[in-house]
Amino acid sequence: MELKLSQKTLSGTISEIWQQLLQVPANYTFKPRVELIKTYEFTDYTAELYLQANGPGTVQRVIKTVPRDFSAPLPAVAAPFYYPEAMLGFDPETMAVEERFAEIAMLTHLAQRGFIVISAEAYHLTYLKSDLPRLEWARWQQAGDALTLDYPDWCGIGKLAADTRLLLDMLESDPRVDKERIGIAGHSLGGKMAYYTGCIDPRVKVIMASDFGINYDQSNWHDSWYWGDKVKLLQAAGLEQWQLLDIANGKPFMLLAGQFDNMASFDSMQRSGAYPAGSEKLRIINHATGHRPPQDVLQQGYDFLQKYLQK
């Protein structure tokens, strides 16, 4: 099989082409660097703020939560999203509540369950300097367009996965983390990041993703900060996103479906040859109540992570 992307021809099996599509470009080089900036003490956990190099001349802000009174090594979960305070549920510096995201505060929720958890800024906040608010969609457009211009053979979802894999590097190098018990979880944008990263990175042992739209027509995959115009090429070549589950090679995956995902998503998931029929490792909860998962459904997602990561 061959696929032509601008000046680059990709060839091989479907799984190999997916790997090539997401591969970091050869000229995208930088020296790894992590710097601890500040530590915040809370009742159930400690929150650590870092700066991490995430590209040529750029850094991402990272927050890692570590349960108090723990016995190392602990299981860990990467929880990618827009920015880490959203996954914490509040700003640790000002204590202002992130009201829009407090119900999905995975950095807090999973630390309270005994996980070390990590999250960072997405690249709309790091790739370009901008005076726009951090939740302004125009920032995504600017960053996606700039990335496409700089690396025309790459893609925004590849950049998101690359930045998320840097969080796995941090977990892997932390002596408090059991490197054999690392999972990934995310909602919406974070679900996209969790799904792609979890499928392609063997360090991830279990994936939980909420309502990210696994099929191209279920979400805004055509936007420049994800795939842009390349979606048409992928579809024409027979590349579907459920095929990433073949790369995941049967690792546990749970989808929380609500608005953008539905039972059509599960039909696609079941096309993967990596899971036998009825496998407990391929699960969906279709709450069908809207984009945000209800608390009881989110807790079931956490239970799924716990089942495969905690002894």
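Where is Asp 69 found?

A: Asp 69 is found in the loop between β5 and β6. The model is predicted, and what follows is computed from its atoms. Asp 69 is not a glycine, yet has a positive phi of about 55 degrees. With a relative accessibility of 80%, Asp 69 counts as exposed, since the cut-off for that class is over 50%. The loop between β5 (58–67) and β6 also holds Pro 73. The peptide bond that joins Ala 72 to Pro 73 is cis, with omega of about 0 degrees.

A positive phi also occurs at Asn 249, where the value is about 60 degrees and the residue is again not a glycine. Asn 249 lies in the loop between α8 (244–248) and β10. Its relative accessible area is 63%, so Asn 249 is exposed.

β6 (74–78) is among the elements covering the buried residues of α10, together with α3 (106–112), β8 (177–187), β9 (204–210), β10 (253–257) and β11 (282–286). The buried residues of α10 are Val 297, Leu 298, Gly 301, Tyr 302, Phe 304, Leu 305 and Leu 309. Viewed down the axis of α10, they fall within an arc of 150 degrees and therefore line one face of the helix. Residues three or four places apart in an α-helix point the same way, because there are 3.6 residues a turn.

The buried residues of α1 (residues 14–22) include Ile 17, Trp 18, Leu 21 and Leu 22. These cover an arc of only 130 degrees around the axis, which puts them on the same side of α1. Besides α8, the cover over the buried residues of α1 includes β1 (2–5), β2 (8–11), α5, α6 and α7 (230–236).

Two of these elements, α5 and α6, also pack against each other. The angle between α5 (residues 156–172) and α6 (residues 189–200) is about 70 degrees, and their axes are 9 Å apart. That angle makes α5 roughly perpendicular to α6. On the α5 side, the residues in contact are Ile 157, Leu 160, Ala 161, Thr 164, Arg 165 and Leu 168. Their partners in α6 are Leu 189, Lys 192, Met 193, Tyr 196, Thr 197 and Ile 200. Sorted by class, this contact has 8 nonpolar, 2 polar and 2 charged residues. α5 itself has 17 residues and reaches 24 Å from first to last C-alpha, close to the 24 Å expected at 1.5 Å a residue. Of those 17 residues, 14 are buried, so α5 is largely enclosed by the rest of the structure.

His 124 sits in the loop between β7 (116–120) and α4 (137–150). His 124 has 2% relative accessibility and so counts as buried, whereas Asp 69 is exposed. Apart from its neighbours within four places in sequence, His 124 contacts Tyr 82, Arg 134, Arg 139, Trp 140 and Ala 143. Between the C-alpha atoms of His 124 and Arg 292, which are 168 residues apart along the chain, the separation is 22 Å.

Note on methods. Residues are numbered from 1 along each chain as its sequence is written. This is a predicted model: local features need pLDDT of at least 70, side-chain atom pairs count only at pLDDT 80 or more; totals for chains, interfaces and linings use all residues. Side-chain values use heavy atoms; hydrogens and water are left out. Axes are lines fitted to C-alpha atoms, for helices over the stretch in contact, and angles run from 0 to 180 degrees between N-to-C directions. Helices (H or I, at least four residues) and strands (E, at least two) are DSSP runs, numbered from the N terminus. Angles under 35 degrees count as roughly parallel, over 145 as roughly antiparallel, 65 to 115 as roughly perpendicular and the rest as oblique. Contact means heavy atoms within 4.5 Å. Ala, Val, Leu, Ile, Met, Phe, Trp, Tyr, Cys and Pro count as nonpolar, Asp, Glu, Lys and Arg as charged, and the others, Gly among them, as polar. Buried means under 20% relative accessible area, exposed over 50%, partly exposed in between (1.4 Å probe, protein chains only). The arc is that of the directions from the helix axis to the C-beta atoms. The expected span of a helix is 1.5 Å times one less than its number of residues.
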